Amino acid sequence: MTTRHLQGVTLECVQGDIARQPDMDAIVNAANAELRIGGGVAGAIHRGAGPELERECQPLAPIQPGQAVITGAHNLPNRSVVHCLGPVYGVDEPAEPLLASCYRNALELAEQNELGSIAFPAISTGAFGYPLEAATQVAFKTVLEMLPQLSSVKHIRFVLFQKADARVHEEVLERLLD
Ligand code: ADP
């Protein structure tokens, strides 16, 4: 686990389950375009939230790569879920700005909804096939660029399912900051 304090914001990487982050106001879903339960992150979040989440999502779907929408968290212990559709690697191009848009739009929604904390998974790096290290660089660069614009968001957490992925995040963040 790594924690950094940058421009009044706590930025951390932890190994864990995105659906088990009870101290975060918002958690981010690596959603599918239809905003339905799926595998990976979307499966964990929808299972934790219960079927009312899919019902709330239906009028908001479909969403486009790079887009983010916000809903309640239902049975999850958070206030909100931000659903982002990451690019499918090799299909949705250009991948880098589309992935960056996910992080930027999610943070903007958190600000608009006056949320203090938000937890991200590694969007697009599972079923969507984005190479982890490249995706991690896009994620952190985008978050670091957004820091001066944040006023309500004071705590950003990256939650990685696997230990090796958490280590890649720590290394990329260190390289970007040093
Ligand atoms: P995408 O379709 O955007 O690639 P996935 O859910 O398939 O999204 O995977 C995104 C990343 O999240 C992968 O690195 C995967 O290992 C990880 N992951 C899967 N389940 C969880 C979970 N419950 N909490 C945090 N990360 C998860």
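**Chat: aromatic pairs, core and pocket**

Q: How many aromatic pairs does a search of the whole structure find?
A: Five. Rings of Phe, Tyr and Trp (its six-membered ring) pair if their centres lie within 6.5 Å; planes under 30 degrees apart are stacked, over 60 edge-to-face, and the rest tilted. This is a predicted model, where local features need pLDDT of at least 70, side-chain atom pairs count only at pLDDT 80 or more, and totals for chains, interfaces and linings use all residues. Side-chain values use heavy atoms, with hydrogens and water left out, and residues are numbered from 1 along each chain as its sequence is written.

Q: What's the geometry between Y103 and F120?
A: Tilted, with 4.9 Å centre to centre and 45° between the planes. Y103 sits in helix α3 (residues 95–112) and F120 in strand β6 (residues 117–120), so the pair ties together parts 17 residues apart in sequence. Helices (H or I, at least four residues) and strands (E, at least two) are DSSP runs, numbered from the N terminus.

Q: And Y103 with F158, how far apart are the ring centres?
A: 6.1 Å, with the planes at 25°, so that pair is stacked. F158 is in strand β7, so here the pair ties together parts that are 55 residues apart in sequence.

Q: OK, the core. How many residues are in the largest nonpolar one?
A: 41, and F120 and F158 are among those with the most contacts inside it. A nonpolar core is a set of buried Ala, Val, Leu, Ile, Met, Phe, Trp, Tyr and Cys residues joined through side-chain atoms within 4.5 Å. The largest share, nine residues, comes from α3.

Q: Switching to pockets: what volume does the largest one have?
A: About 560 Å³. A pocket is an open set of points on a 1 Å grid over the protein atoms alone, where a 1.4 Å probe fits, with protein on both sides within 12 Å along at least five of seven lines; lining residues have an atom within 4 Å of a point. Of the 29 lining residues, the closest to the centre are A30, G40, V41, A122 and G126.

Q: Which element gives the most to that lining?
A: α1, with four residues.

Technical notes: Grid points are joined across faces, edges and corners, and a volume is the space filled by probe spheres set on the points. Buried means under 20% relative accessible area, exposed over 50%, partly exposed in between (1.4 Å probe, protein chains only).
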